[in-house]
Amino acid sequence: MITWSDPDDGLWTRGGAIELGLTVPWSLLQGADTLMRRHSTDLGGLVSAITGLVQDFDGLANGGYGELPAGRFPAFVRHDLPELGYERSRREPEWAASCRVAGRHDEVDLPTFQVGGWYDILSQGTLDNFTAMRRAGRPATLIMGPWTHTNWRHVVGDVNF
């Protein structure tokens, strides 16, 4: 459901460029859970940590993305957070290969049901998975609708579908 086929085509990178617009906000949002667990017995530390995380998240559009990741993305380092997988994928190619669906469709021996959105950032991966399953002779069903990655309602932007 709304997923990739090749993580280097929309999840971690797109056309060779780091997909910061997905990797950074997703990792920071997931980081809230990490910080809550880390500071579960220290309310003051939790408030401070979450406040700093929210400031970094809110500051992305006005300069946060400008902190280029010469190594680790600076906000991840500041909060000691794991990230979506781009950095790890570059350090551990064998792990990155395990995240790739592309080229492995013949290993799936069950019917599949792909759901994607016309406006989803990973719509190409959904379509690629569906067509590859069909080419592999596997039962596959596809539903594509007027959705984004996170908006499953009937209104996208100014259009009411």
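A nonpolar core is a set of buried Ala, Val, Leu, Ile, Met, Phe, Trp, Tyr and Cys residues joined through side-chain atoms within 4.5 Å, where buried means under 20% relative accessible area. In this structure, which is a predicted model, the largest such core has eleven residues, namely Leu20, Val24, Leu28, Leu35, Ala49, Leu53, Leu60, Phe73, Ala75, Phe76 and Leu81. At least two residues of this core are supplied by each of α1 (20-38), α2 (43-58) and α3 (74-79), and the largest share, four residues, comes from α1.

Leu60, one of the core residues, touches Val24, Pro25, Leu28, Tyr65 and Phe73 when residues up to four places away in sequence are not counted.

The loop between α1 and α2 holds His39. Because its relative accessible area is 19% and the limit for a buried residue is under 20%, His39 counts as buried. With its neighbours within four places in sequence left aside, His39 is in contact with Gly45, Leu46 and Ala49, and Ala49 is itself listed in the largest nonpolar core.

On the surface, Trp118, Tyr119, Val159 and Phe161 form a nonpolar patch that together has about 420 Å² of accessible area. Val159 is placed in strand β6 (residues 159-160).

How values were computed
Residues numbered from 1 in each chain as written. Predicted model: local features only at pLDDT ≥ 70, side-chain atom pairs only at ≥ 80, totals over all residues. Heavy atoms only, no water. Patch = residues over 30% accessible without salt bridge, like charges linked within 9 Å, V, L, I, M, F, W, Y side chains within 5 Å. Areas by Shrake-Rupley, 256 points an atom, 1.4 Å probe, with all protein chains shown as cover. Salt bridge = Lys/Arg side-chain N within 4 Å of Asp/Glu carboxyl O. Buried < 20%, exposed > 50% of the residue type's maximum accessible area, 1.4 Å probe, protein only. Contact = heavy atoms within 4.5 Å.
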